[in-house]
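User: I am new to reading structures. Can you walk me through some features, one at a time?

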Amino acid sequence: MMPNRSTDTLFQLIKSLHKSEKRHFKLYIKRSSAKEDLKIVELFDALDKLPEYDEKILLKKLPSIQKPQLNNIKTHLYKQVLASLRDLKSTDTLELQLSEQLDNARILYNKGLKHQAMKILERAREQAKANGKFNYLAQVISLEKKIETLHITRSLGEKTDKLTQEALEIATHIDRVTKLSNLALRLYSWYVKNGHARNEKDEEGIRRYFKEQLPADAYELTDFYERLYLYQSYTWYAFIRQDFLMYYRYTQKWVDLFSENEVMKKVEIGHYIKGLHNLLNAHFDLRNFQQFEIVLKEFEEFSQTPIAQQHDNFRIHTDIYINSARLNWHLMTGTFKEGLKLVPQIADNLKDYALFVDPHRIVVFNYKFATLYFGSGDFNTSIDYLQKIIYDTSADLRIDLQSYARLMHMLAHYELGNDEIIESLIKSVYRFMAKMKNLTVVEEEMFRFIRHSFDVSPRKMKPELEKFLNKIKHLEKSRFETRAFAYLDIISWVESKVYEKPMSTIIHDKYLASRKRRY
């Protein structure tokens, strides 16, 4: 099988370039051109014009390059494109600036110009310290110590004491940040794989792990990065356990940390936009309609700033997070048909972002699309999107979404009156969810109701629906049952049957009632 757009790394890199970056590459190559570079320019142009990577077509377009030469020339071109981007973007991020200063200091030191190297290192140290870049600071101090150790620089004594003390403090700080960032990452990884805690056993395991891994002095931490990873750890800990109030509190602390340190919005934009995304999710889970609107507006305004537009990666993820929030707004206010107007554009964007978006995001968006169609009464289109999730075996992600996609798929066929397949669907969905240990009381009751409904005449169906509603309504506040309502508003679905109103109307009426209570 031939490499394609998603697997050929050089093709991916060239396709990610903007016009200005392509133009700069040509100028960069001309500045240091050699005869062998002419072939890489030909290869660059040929790859740029290909809609999809196909080696046979590529070689036909490049008669000057033989197949045995291709891999070496591709490797050379890849390095030159990266070098060109580094040349163009060297002042774009603090990390690149610090790396450049370190490289320059090493070059000067190797040339024997020790004092010039030390001057650059002093500037780099102050810049790294001011922005909390302790990993870079550790590298700067390491090179300073090497120069002091191997050469007489006339700066021994007080500076030596200061360097050694600072090195110890940085090592301690890096150790704390490493432990906290590891904790945050492992909790997030658990959630991506499993979703929310399913039962007391899951919850106890997460609670024990969190307690064991959390540093003893966690509440005394004052450094930006220590607090950032501490708040992230609590965010995922709360979210997994469906403690949505705690989830909200720590996502707010996460975002507030950037308000206290405005410069870090540029230095750590990825963490800032992720914080806003989680804060919006917290307001969604708690149905804080007013706060959701306020934060979404702030996020939309931030997305238009030069900081947010500076890098492709963060520009794309900002767009993804905002689109996700816009869909959530329609899901929680019951304005499903209005939300459906956004689907074609978002789906097109996801295709454009195929190189940059992980499978988890695609699964989540497909689930949101399916829910909007389900709530709008277009069960056939909902099924189309749900099948994309059910038959996606590319990644072992979100067991909970896989389960709920199957559950909604079953309900969509139930709504369509596809009695000939519904019985086999009930069995297969039940088996899947039971195997994944994903069944809650609400779901057990739902399976029981649908099985029983086959033997009930249409005339007697309404009393049966009312019984089912009474059985599950009181579970709405139960923490381990919230998951069922968060992924699919079962209660509103049953109420739509009992009160003979569209599901969207039921949810929208609840939203309007909430606004009246607030005012």
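User: At what angle do helix α22 and helix α23 pack?

Analyst: This is a predicted model. Helix α22 covers residues 399–415 and helix α23 covers residues 419–435. They pack at an angle of about 165°, and their axes are 10 Å apart.

User: How are α22 and α23 oriented to each other?

Analyst: Angles over 145 degrees count as roughly antiparallel. So α22 and α23 are roughly antiparallel to each other. Their crossing is left-handed.

User: Which residues meet where α22 and α23 touch?

Analyst: From α22 come Q402, S403, R406, L407, H409, M410, H413 and Y414. In α23 they meet I421, I422, L425, I426, V429, F432 and M433. By type, the residues of this contact are ten nonpolar, four polar and one charged.

User: Now another helix. Is N328 buried or exposed?

Analyst: Buried means under 20% relative accessible area. N328 has a relative accessible area of 2%, so N328 is buried. It lies in helix α17, residues 312–333.

User: What does N328 touch, leaving out residues up to four places away in sequence?

Analyst: N328 touches N281, F284, F292 and K368.

User: What is the relative accessible area of R326?

Analyst: R326 also lies in helix α17. Its relative accessible area is 31%, so R326 is partly exposed. Neighbours within four places in sequence aside, R326 is in contact with L296, E300 and L342.

User: How far is R326 from M433?

Analyst: Compare sequence and space. R326 and M433 are 107 residues apart along the chain. Their C-alpha atoms are separated by 30 Å.

Terms used: Residues are numbered from 1 along each chain as its sequence is written. This is a predicted model: local features need pLDDT of at least 70, side-chain atom pairs count only at pLDDT 80 or more; totals for chains, interfaces and linings use all residues. Side-chain values use heavy atoms; hydrogens and water are left out. Axes are lines fitted to C-alpha atoms, for helices over the stretch in contact, and angles run from 0 to 180 degrees between N-to-C directions. Helices (H or I, at least four residues) and strands (E, at least two) are DSSP runs, numbered from the N terminus. Angles under 35 degrees count as roughly parallel, over 145 as roughly antiparallel, 65 to 115 as roughly perpendicular and the rest as oblique. A crossing is left-handed if the near helix is turned anticlockwise from the far one by less than a right angle, and right-handed if clockwise. Contact means heavy atoms within 4.5 Å. Ala, Val, Leu, Ile, Met, Phe, Trp, Tyr, Cys and Pro count as nonpolar, Asp, Glu, Lys and Arg as charged, and the others, Gly among them, as polar. Buried means under 20% relative accessible area, exposed over 50%, partly exposed in between (1.4 Å probe, protein chains only).
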